[in-house]
Every structure is written in structure tokens, then in C-alpha cells.
Amino acid sequence: MVRIALAIAALNDLDTMAVDIRNAYLNAPCRKKVYLTAGTEFGAKKGQYVVAIWALYGLKTSGTAWRVFLAQIMYDLEFKSCKF
């Protein structure tokens, strides 16, 4: 999806303000509850169970969560979907 947006921008000589593909999934909320075990970075809470509220790389649902999140933002900005 991001590559398509960048290709459209390039073909139409449009400027892109910022692109951060590497951390894209981290902006999308998790759509399902995902339980994790807290690591050493949680200090005294190490070993306790936590619930992820943001999509993480490696989760099966992260790609879908990011697509839905981006689609909603594009809709809110009044972009229209192509009818190909």
C-alpha cells in the first residue's frame, strides 16, 4: 500500500512530506487481544502477563491492522478509492 502511494506521488510529481515504512505497524492499534510476557525492561513486573495495545511486527494480524488504520485515515482525509 505504501509503495503504491509513493509510486502515484512519483508519477504525478507530488511531494511527499515524510515516509517511515520501517515503523509503520507500530502506529496501528491491535484489533485483537494479544497477551505477552513482560521482559526484563519492565523491571519489577518482569514475567507478568501484559496486553499489547499496538500492532507489533511478527503478529499475524499486524498487516491487516495497519491496512485498516491507514484506510481510515485516508477516508477521513476524503481520499476516494479507485474503481479498478
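Colleague: What should I know before reading it?

Modeller: The model is predicted, so local features need pLDDT of at least 70 and side-chain atom pairs count only at pLDDT 80 or more, while totals for chains, interfaces and linings use all residues. Residues are numbered from 1 along each chain as its sequence is written, and side-chain values use heavy atoms, leaving out hydrogens and water.

Colleague: How many aromatic pairs does a search of the whole structure find?

Modeller: Rings of Phe, Tyr and Trp (its six-membered ring) pair if their centres lie within 6.5 Å; planes under 30 degrees apart are stacked, over 60 edge-to-face, and the rest tilted. Here the search finds one pair. Tryptophan 66 and phenylalanine 69 are tilted, at 5.9 Å centre to centre with 40° between the planes.

Colleague: Are tryptophan 66 and phenylalanine 69 buried or partly exposed?

Modeller: Buried means under 20% relative accessible area, exposed over 50%, and partly exposed in between (1.4 Å probe, protein chains only). Tryptophan 66 counts as buried at 15%, whereas phenylalanine 69 counts as partly exposed at 27%.

Colleague: Which residues make up the largest nonpolar core?

Modeller: A nonpolar core is a set of buried Ala, Val, Leu, Ile, Met, Phe, Trp, Tyr and Cys residues joined through side-chain atoms within 4.5 Å. The largest one here has five: Ala28, Ala55, Ala65, Trp66 and Leu70.

Colleague: And what does alanine 28 touch?

Modeller: Contact means heavy atoms within 4.5 Å. Leaving aside residues up to four places away in sequence, alanine 28 touches Trp54, Ala55, Ala65, Trp66 and Phe69, so both members of the aromatic pair are among its contacts.
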